[in-house]
Amino acid sequence: MTTVNKLVQVAGIIDAAEADMIIGEGADWIGFALRLPSGKDDIPEQDAAAIIKGLEAPHAGVLISYLTKADEVSAFCDELGVVAVQLHGDVETEELRRLKELRPELFVLKSLVVKEDNAEELLALVDETHPYVDMYITDTFDPKTGAKGATGLTHDWNVSAELVRRSPKPLMMAGGLNPENVGDAIRAVRPAAVDAHTGLEGPDGRKDRAKVAKFIAEARRAFEDIDGGDRLV
């Protein structure tokens with residue numbers, strides 16, 4: 001899992017049936033948000049671990065975590081059996097370095113939370129942290145709640161596009177993506193990957209099969225439009 005391109009991730013998995021449906025519709029990775037600051041995880045940790053264990057490459061389960069210490073992240077990844085972790089907390093660069101030292105085989109995604117006026121701050125963060133990160137993921141800050149992910153809000157795609165141009169590492173685009181806008185987002189930003197969570201849910205809070213299928217189809221079409229080639233290496 002050292003090179004990724006044209007990858008589609010669906011996050012916020014709540015049970016095995018949802019995971020099976022999403023993988024069956026063609027997603028590459030599925031994300032499990034666990035030990036959230038709110039204490040309201042979508043799925044019990046033992047259930048997530050069982051689903052992750054049953055995935056076959058190139059499919060993979062990704063831990064979505066707000067932990068900030070390398071030792072804690074590494075231990076939790078071991079417990080779950082994941083090969084990739086998505087860090088949404090305010091992780092110090094030294095902790096990113098230590099995590100790579102502890103777990104060189106672990107695929108590390110670092111969030112870049114886009115606010116109204118922090119583009120330069122994010123560009124500087126990329127410059128500082130890219131030696132210890134395998135992929136970045138943009139997301140949208142919600143000023144009303146303070147949430148840094150799963151807000152369902154879009155952000156200025158020009159910021160994401162600038163991050164793509166600046167970063168030596170690939171970028172996964174997230175933040176308010178849904179079946180209707182993912183194609184335009186990919187064509188505008190040219191990311192290596194996309195992620196959706198709340199934009200694929202029905203009124204019951206579960207992922208809607210039709211939305212998942214359309215999201216993946218639109219993403220695949222847009223990825224082919226921007227440069228063709230293989231999907232996942």
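**Contacts, a pocket and salt bridges**

User: Leaving aside neighbours within four places in sequence, what is Val 133 in contact with?
Analyst: Beyond those neighbours, Val 133 is in contact with Leu 96, Val 108, Lys 110 and Lys 169; contact means heavy atoms within 4.5 Å. This is a predicted model, in which local features need pLDDT of at least 70 and side-chain atom pairs count only at pLDDT 80 or more, while totals for chains, interfaces and linings use all residues. Residues are numbered from 1 along each chain as its sequence is written, and side-chain values use heavy atoms, with hydrogens and water left out.

User: Where does Val 133 lie, and is Val 133 buried or exposed?
Analyst: Val 133 is in the loop between α5 (119–129) and β6 (135–140); helices (H or I, at least four residues) and strands (E, at least two) are DSSP runs, numbered from the N terminus. Val 133 is buried, because its relative accessibility is 0% (buried is under 20% relative accessible area, exposed over 50%, partly exposed in between, with a 1.4 Å probe and protein chains only).

User: Next topic: what lines the second largest pocket?
Analyst: Its lining has 16 residues, with Asp 90, Lys 110, Glu 121, Leu 122 and Leu 125 nearest the centre. A pocket is an open set of points on a 1 Å grid over the protein atoms alone where a 1.4 Å probe fits, with protein on both sides within 12 Å along at least five of seven lines; lining residues have an atom within 4 Å of a point.

User: Which element gives the most to that lining?
Analyst: β5 does, with four residues. Both β5 (107–114) and α5 supply at least two.

User: Now salt bridges: how many does a search of the whole structure find?
Analyst: The search finds 19, a salt bridge being a side-chain nitrogen of Lys or Arg within 4 Å of a carboxyl oxygen of Asp or Glu. One of them joins the side chains of Asp 78 and Arg 103 (3.0 Å, N to O). Asp 78 is in helix α3 (residues 70–80) and Arg 103 in the loop between α4 (93–102) and β5, so the pair ties together parts 25 residues apart in sequence.

User: Which of the two is buried, and which exposed?
Analyst: Asp 78 counts as exposed at 52% relative accessibility, whereas Arg 103 is buried at 11%.

User: What does Asp 134 meet in a salt bridge?
Analyst: Its side chain meets that of Lys 100 (2.6 Å, N to O). Asp 134 is in the loop between α5 and β6 and Lys 100 in helix α4, 34 residues apart.
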